[in-house]
There are 2 protein chains.
Amino acid sequence: MKRTKIKELLTTTPSGQQVTVQGWVRTFRNNQFVAINDGSTIQNIQAVVDFNNTPETLLKRITTGACVSITGELVPSPAKGQPVEVKVQKLEILGDSDAEKFPLQPKKHSLEFLREIAHLRARTNTFGAVMRVRHAMAFAVHKFFNERGFVYVHTPVITGSDAEGAGAMFRVTTLDANNPPRDEQGKVDHKQDFFGRETNLTVSGQLEGETYALALGDIYTFGPTFRAENSNTTRHLAEFWMIEPEMAFYDIQDNMQLAQDFLQYLVRYALEHCAEDLEFLNKRALEEEQTKPQEQRSELSLIDRLKFVSENDFQRLSYTEAIDILRSSTPNKKKKFQYLIDEWGADLQSEHERFLVEKHFKKPVILYNYPAAIKSFYMRQNEDGKTVAAMDVLFPGIGEIIGGSQREERYDRLLKRVQELGLPDKDLWWYLELRKFGSAPHSGFGLGFERLILFVTGMTNIRDVIPFPRFPGNAEF
Amino acid sequence: MKRTKIKELLTTTPSGQQVTVQGWVRTFRNNQFVAINDGSTIQNIQAVVDFNNTPETLLKRITTGACVSITGELVPSPAKGQPVEVKVQKLEILGDSDAEKFPLQPKKHSLEFLREIAHLRARTNTFGAVMRVRHAMAFAVHKFFNERGFVYVHTPVITGSDAEGAGAMFRVTTLDANNPPRDEQGKVDHKQDFFGRETNLTVSGQLEGETYALALGDIYTFGPTFRAENSNTTRHLAEFWMIEPEMAFYDIQDNMQLAQDFLQYLVRYALEHCAEDLEFLNKRALEEEQTKPQEQRSELSLIDRLKFVSENDFQRLSYTEAIDILRSSTPNKKKKFQYLIDEWGADLQSEHERFLVEKHFKKPVILYNYPAAIKSFYMRQNEDGKTVAAMDVLFPGIGEIIGGSQREERYDRLLKRVQELGLPDKDLWWYLELRKFGSAPHSGFGLGFERLILFVTGMTNIRDVIPFPRFPGNAEF
């Protein structure tokens with residue numbers, strides 16, 4: 001008999017119909033009550049075994065972690081908090097689980113321990129919830145852009161250009177590591193490598209994305225990107241997923257509006273479609289908060305935070321305005337900032353961003369028009385001669401969740417900037433050429449997908465919101 | 001004034017309302033008629049310039065490839081084949097395009113030439129159409145699985161395991177290429193590499209996907225995969241996107257049904273949502289057919305092929321049945337096959353697959369239950385002791401578009417197979433462990449996304465259905 005998913009059964013009106021449930025045993029109480037989860041929802045379904053008429057040998061195999069197939073009647077449940085249960089007629093063990101050896105005992109495990117068994121952790125409530133929310137968010141990303149007529153573009157992962165300069169790169173090669181071919185100077189001869197040149201893993205699909213924006217209008221990428229930086233933090237991964245929309249005919253104001261619309265759409269989608277998982281994660285986050293000292297606790301619960309973000313406009317202010325606020329702020333005057341803000345031009349640190357978002361405005365902030373000196377070469381130069389049309393969206397608890405800009409569409413200005421910074425303009429021939437043939441004002445931004453998932457799930461370590469995290473020293477599984 | 005996309009304008013009832021169009025000039029005729037495309041649709045909109053009242057210097061800048069912003073009245077068009085046109089009130093050049101130097105002249109270019117200017121080719125009708133269809137197919141993939149309650153899982157791109165054995169791999173490293181650290185034996189010391197071990201780019205997310213199927217039930221991956229093979233063919237890329245669903249509690253029959261449902265859903269989605277682009281590609285394919293000798297031409301046009309696949313069940317037959325048909329087929333008897341089919345156990349070549357699909361059954365074919373010896377270690381061993389529950393979906397003109405199997409869920413059998421083949425069972429500890437703790441029957445398959453796009457667009461070279469193709473000797477852009 002074809003199985004029905006537990007998510008569906010839990011909303012079915014019970015009338016003694018025969019159903020089949022398949023899933024993993026979470027608990028087995030009193031030789032009678034089996035709690036089964038199949039991953040379709042965070043809720044378990046209860047199956048009631050007639051233990052008087054079930055062989056002892058079979059009962060013994062109903063252990064935490066075992067996979068079972070149960071056929072029986074769907075009936076109203078007398079127990080609290082569950083509308084239905086299954087009266088077992090037939091129970092089959094599909095896969096045993098040695099209760100002594102199964103790593104996931106029916107108790108609370110630390111997130112650190114669960115990271116070591118990433119192949120099993122999706123069977124816990126927390127990771128099941130996080131991964132279902134992650135799915136919903138990925139789908140919402142595609143839905144949002146599809147509804148607005150954006151074209152999804154798969155920009156390349158292996159790249160010959162090192163131009164974006166967003167960070168250290170991983171080299172990709174098929175040369176014999178121990179004995180690579182060498183040129184006349186004794187250097188490794190990448191001409192003999194697979195692609196006939198040195199290649200790396202991409203740090204961003206933006207530059208390639210721009211070529212498509214200047215052909216199809218509105219496009220977006222959603223793919224893996226890489227940083228070979230030795231960052232062992234709760235906010236960085238060596239491999240992560242990024243979403244990069246790029247829009248022809250958008251200026252920086254249009255760009256900011258899209259960023260806000262996009263993030264609010266995603267958060268609303270989560271609230272609408274992931275209610276049960278968010279409720280669980282909300283409770284989980286509250287419990288975690290209780291372990292912190294009073295002054296470090298959030299004023300808002302997870303769900304309140306999500307609602308707040310989805311319902312309120314983000315505060316937009318220029319870098320210059322931000323510097324004024326920071327300079328005259330109490331933590332700056334009292335020298336509580338680790339990096340004091342003295343003058344215009346300073347790069348903002350996480351402590352400053354958090355002050356603006358969490359203390360001063362108490363809502364998401366979009367900072368724009370940054371000093372050119374601290375931003376990338378491709379950002380559009382403003383007429384003041386010192387700032388560029390960059391923008392960062394800052395979120396409570398997360399910091400920068402989106403970075404973007406209007407792009408420099410003027411060939412001469414872009415070339416000059418490339419040369420000033422000593423970038424390899426030979427590698428950038430195609431990017432520069434976009435400004436020679438039918439250039440157009442255009443803008444775009446990048447959203448780190450895992451940062452979004454951190455915000456929406458209330459998890460605090462980025463290694464816990466991606467199935468198999470990659471970081472220095474870890475490429476297990 | 002905010003621009004309106006051409007796709008929207010072309011279905012707007014004209015009543016002299018003022019509109020703004022922004023896009024790229026395709027042609028400019030008689031100093032009067034500008035055909036503009038903005039990528040939102042394959043159709044251009046015509047703008048009519050009052051050349052008597054437009055400065056000569058401005059008229060001269062309306063060149064093929066230039067980017068323009070036009071504001072004017074939307075009026076019914078007297079010309080054939082276009083419902084509306086724009087009577088220009090204001091025309092601004094956003095980006096010039098030197099008519100002599102612009103690589104995309106208003107004439108037919110070869111696909112080979114266009115590959116060399118991949119940063120501009122999306123501005124042609126063919127690539128615009130292909131890339132919009134590609135977008136629609138990616139969205140349909142997510143929509144299909146989301147509707148069925150599958151969870152999208154991002155499996156890792158960088159992997160420490162080389163177990164799947166699907167092909168040669170790219171090494172990923174941050175060690176100094178010229179002077180890597182070496183161990184006592186003089187070998188490169190990957191313990192000092194970024195991840196503390198040798199790592200490669202993934203050839204498949206299947207094994208990691210299985211860990212999630214055995215927790216969440218139904219999952220799928222959709223991400224880039226890699227092959228470091230020196231294949232210079234029209235069917236292979238070094239970097240391509242693959243979709244890999246993996247389902248707990250599915251047997252091989254369920255798996256075949258899902259594969260058929262999935263492909264038919266995608267093709268129907270294309271027919272419904274990409275009508276204009278497919279009409280163009282249909283015509284394009286017909287023209288290309290005309291250049292071939294009669295006997296090599298398809299019996300069906302592109303659109304007829306799509307309809308045929310979406311409306312008819314796929315033929316399911318076992319490998320053994322296929323061998324019988326092939327052995328007694330005319331080309332085998334007349335020795336027209338390059339590889340003659342003598343006995344059971346032979347690996348099928350593309351010529352045999354094409355014979356079955358295109359000549360014998362004249363429809364898509366699902367072959368299943370292959371000899372174990374020619375298939376992967378993780379496929380479920382059938383009770384006959386010689387075959388495994390593998391399946392391949394074969395499409396006309398494409399050959400294998402999907403490969404999959406029921407997975408071996410029995411620990412002892414899997415371990416034995418791993419050892420027989422000399423695979424690194426130490427690296428596979430987590431994969432084997434899935435069979436120790438709550439194992440379940442499960443199945444899955446892989447769909448090469450670009451193969452699908454080839455089929456749906458009627459393009460013949462896989463390098464022309466991905467934005468920036470990667471193949472031996474090529475990682476430009």
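Residues are numbered from 1 along each chain as its sequence is written, and chains are lettered from A in the order in which they are written. In this predicted model, local features need pLDDT of at least 70 and side-chain atom pairs count only at pLDDT 80 or more, whereas totals for chains, interfaces and linings use all residues; side-chain values use heavy atoms, with hydrogens and water left out.

**View 1. The interface of chain B and chain A.** About 9100 Å² is buried between chain B and chain A, 61% of it on carbon and sulfur atoms (buried area: the accessible area, 1.4 Å probe, that two parts lose on being put together, summed over both). In chain B, the residues losing the most area to chain A are B:His154, B:Phe249 and B:Phe437, which together make up 9% of what that side buries.

**View 2. Salt bridges across the interface.** Eight salt bridges are found between chain B and chain A (a side-chain nitrogen of Lys or Arg within 4 Å of a carboxyl oxygen of Asp or Glu). One salt bridge joins B:Lys5 to A:Asp218, with the closest N and O atoms 2.5 Å apart. A network of salt bridges links A:Arg3, A:Lys5, A:Asp38 and B:Asp218.

**View 3. The surroundings of B:Phe449.** The largest nonpolar core has 241 residues, and B:Phe449 is among those with the most contacts inside it (a set of buried Ala, Val, Leu, Ile, Met, Phe, Trp, Tyr and Cys residues joined through side-chain atoms within 4.5 Å). Leaving aside neighbours within four places in sequence, B:Phe449 is in contact with residues including A:His154, B:Met137 and B:Trp241.

View 4. A:Arg115 lies in helix α3 (residues 111-116) of chain A and A:Asp464 in the segment after α14 (449-457), 349 residues apart (helices: DSSP runs of H or I, at least four residues, numbered from the N terminus). Both A:Arg115 and A:Asp464 are buried (under 20% relative accessible area, with exposed over 50% and partly exposed in between; 1.4 Å probe, protein chains only).

View 5. B:Lys416 is exposed at 54% relative accessibility, while B:Glu420 is partly exposed at 48%.

Note on methods:
Contact means heavy atoms within 4.5 Å. Helices (H or I, at least four residues) and strands (E, at least two) are DSSP runs, numbered from the N terminus.
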